[in-house]
Amino acid sequence: MNAQQAPKVTKETKNKIRVDFERTPLLERLKAKYLSLFFLQNVVWVIFRLVLLIGLSYVILYPFFSKISGSFMSMEDFVDVTVKLIPKYPTLDTYAQIISKNGYFSAMFNTLILSVLCGFVQTFICCIIGYGISKFKFKGSKLIFALVIFTMIVPHKTLQLSMFMHFKYFDVFGIFNFLGGGVFDWLKIFDFTSINLFNTYWPLALLSLGGLAFKNGLYIFMMRQFFRGVPDELEESAYIDGSGVFRTFIQIILPLSIPMMITIFLFSFSWQWTDNFYSSLFFTGTGIKLLPSIVSIPAGMETVYAGQQLYESAILNTCGLLIILPLVIVYLFCQRYLIQGIERSGIVG
């Protein structure tokens with residue numbers, strides 16, 4: 001036994017020290033508590049942490065405050081040098097013009113249909129793919145997972161031309177070209193060689209069904225990480241009870257993965273809601289109008305005056321605020337599921 005071992009502090013010793021401290025005069029207790037190096041270090045650390053948090057909050061939140069404030073400013077406020085963040089002549093004309101002239105509600109309804117469709121399809125498909133990669137050992141499984149990671153690396157601009165040609169002249173395995181290229185002309189049924197899927201929901205629906213839509217590689221990776229944490233004993237018990245693979249997946253695995261599926265759905269919904277790449281690629285002309293298309297100066301608000309540039313920037317920022325407003329509302333109600341799903345995915349520590 002080490003002779004230099006420190007004596008053990010018992011509960012009785014702590015009580016005696018506390019009683020002795022309470023019996024000392026008040027002035028002595030205040031000096032011992034507040035006039036010490038330990039208290040000074042705590043005060044300095046608290047002040048430093050408070051200043052740092054306030055500074056970071058200012059840097060992060062100031063652009064949002066300035067955009068929100070600018071959306072309520074009138075034309076006179078942009079030429080008034082005394083106006084900074086608080087408008088002198090507040091107005092809702094910018095919101096009213098964007099909603100009425102840019103077709104906000106129509107675009108929001110179309111975007112809602114597309115985002116919900118892609119969200120549900122991508123969640124279910126990525127769940128199936130992630131479960132297959134994580135729980136089934138077959139030849140080529142590592143190659144498939146490597147290809148999934150590869151889809152996260154390849155820039156979307158690289159595939160832009162191929163996707164444009166594929167969905168502009170859609171033809172599965174050359175079937176329409178075969179039927180409409182003179183083989184069955186005598187039937188007078190097929191008089192085309194391809195289908196134009198632009199200005200429809202089909203391109204994004206087909207990409208979602210194939211697990212190749214926007215960020216699907218990330219969703220598959222997240223589901224794989226989650227399913228790797230599910231004990232194999234659950235599936236083995238179900239197999240012993242006579243359940244097949246499909247029944248086990250539907251009745252046991254899916255209920256366990258609901259928080260993760262909600263997270264994937266929210267990610268898919270949010271990214272599709274604000275997507276501009278696929279929207280500008282597949283929706284052209286006067287077809288289906290989505291929310292990114294409302295980012296423009298409404299007719300009747302183009303005015304030439306001293307603060308025109310600032311005023312037009314505020315109008316475009318207001319369009320952006322109207323686009324993300326539904327996402328903010330969704331996040332307020334679903335943030336608990338989002339955080340829980342990210343924690344269970346195993347991506348963060």
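## Close-up views of a predicted model

**Lining of the second largest pocket.** Eight nonpolar, four polar and four charged residues make up the lining of the second largest pocket. Here Ala, Val, Leu, Ile, Met, Phe, Trp, Tyr, Cys and Pro count as nonpolar, Asp, Glu, Lys and Arg as charged, and the others, Gly among them, as polar. The model is predicted: local features need pLDDT of at least 70 and side-chain atom pairs pLDDT 80 or more, whereas totals for chains, interfaces and linings use all residues. Residues are numbered from 1 along each chain as its sequence is written, and side-chain values use heavy atoms, without hydrogens or water. The lining comprises 16 residues. G70, M73, F78, K84 and L310 lie nearest the centre of this pocket. A pocket is an open set of points on a 1 Å grid over the protein atoms alone where a 1.4 Å probe fits, with protein on both sides within 12 Å along at least five of seven lines; lining residues have an atom within 4 Å of a point. At least two lining residues come from each of helix 3 (37–71), helix 4 (75–78) and helix 16 (308–345). Helices are DSSP runs (H or I, at least four residues), numbered from the N terminus. The space in this second largest pocket is about 350 Å³. Such a volume is the space filled by probe spheres set on the grid points, which are joined across faces, edges and corners.

**Lining of the largest pocket.** The largest pocket holds about 420 Å³ of space. Its lining counts 18 residues, and T151, H156, L159, L212 and A213 lie nearest the centre. Helix 7 (141–153), helix 8 (160–168) and helix 11 (216–228) are the elements that give two or more residues to this lining. Helix 8 contributes the most, four residues. By class, the lining of the largest pocket has eleven nonpolar residues, six polar and one charged.

The whole structure contains 24 aromatic pairs. One of them is F214 with W271, edge-to-face, with 6.4 Å between centres and 80° between the planes. Rings of Phe, Tyr and Trp (its six-membered ring) pair if their centres lie within 6.5 Å; planes under 30 degrees apart are stacked, over 60 edge-to-face, the rest tilted. The partners are 57 residues apart: F214 sits in the loop between helix 10 (202–209) and helix 11, W271 in helix 14 (residues 258–273). F214 is buried, at 19% relative accessible area. W271 is partly exposed, at 28%. Buried means under 20% relative accessible area, exposed over 50%, partly exposed in between (1.4 Å probe, protein chains only).

**The aromatic cluster.** F214 and W271 belong to one aromatic cluster.

**Charges over rings.** K168 places its charged end over the ring of F198, 5.5 Å from the ring centre. R224 lies over the face of F145, at 3.9 Å from the ring centre. The rule asks for NZ of Lys or CZ of Arg within 6 Å of the ring centre and within 35 degrees of the ring normal.

**Cysteines without a disulfide.** The count of disulfides is zero, a disulfide being a pair of cysteine sulfur atoms within 2.5 Å. For C127, the closest cysteine sulfur is that of C126, 8.8 Å away, so the two are too far apart for a bond. C127 is buried, with a relative accessible area of 0%. C319 is also buried, with a relative accessible area of 0%.

**Two loop residues with positive phi.** N199 is not a glycine, yet its phi is positive, about 60°. N199 belongs to the loop between helix 9 (175–183) and helix 10. With a relative accessible area of 25%, N199 is partly exposed. K215, another residue other than glycine, has a positive phi near 70°. K215 is in the loop between helix 10 and helix 11. At 33% relative accessibility, K215 is partly exposed.

**A contact across the sequence.** K101 and P298 are separated by 197 residues in sequence, but their C-alpha atoms are 5.7 Å apart in space. K101 lies in helix 5 (residues 93–101). K101 is partly exposed, with a relative accessible area of 47%.
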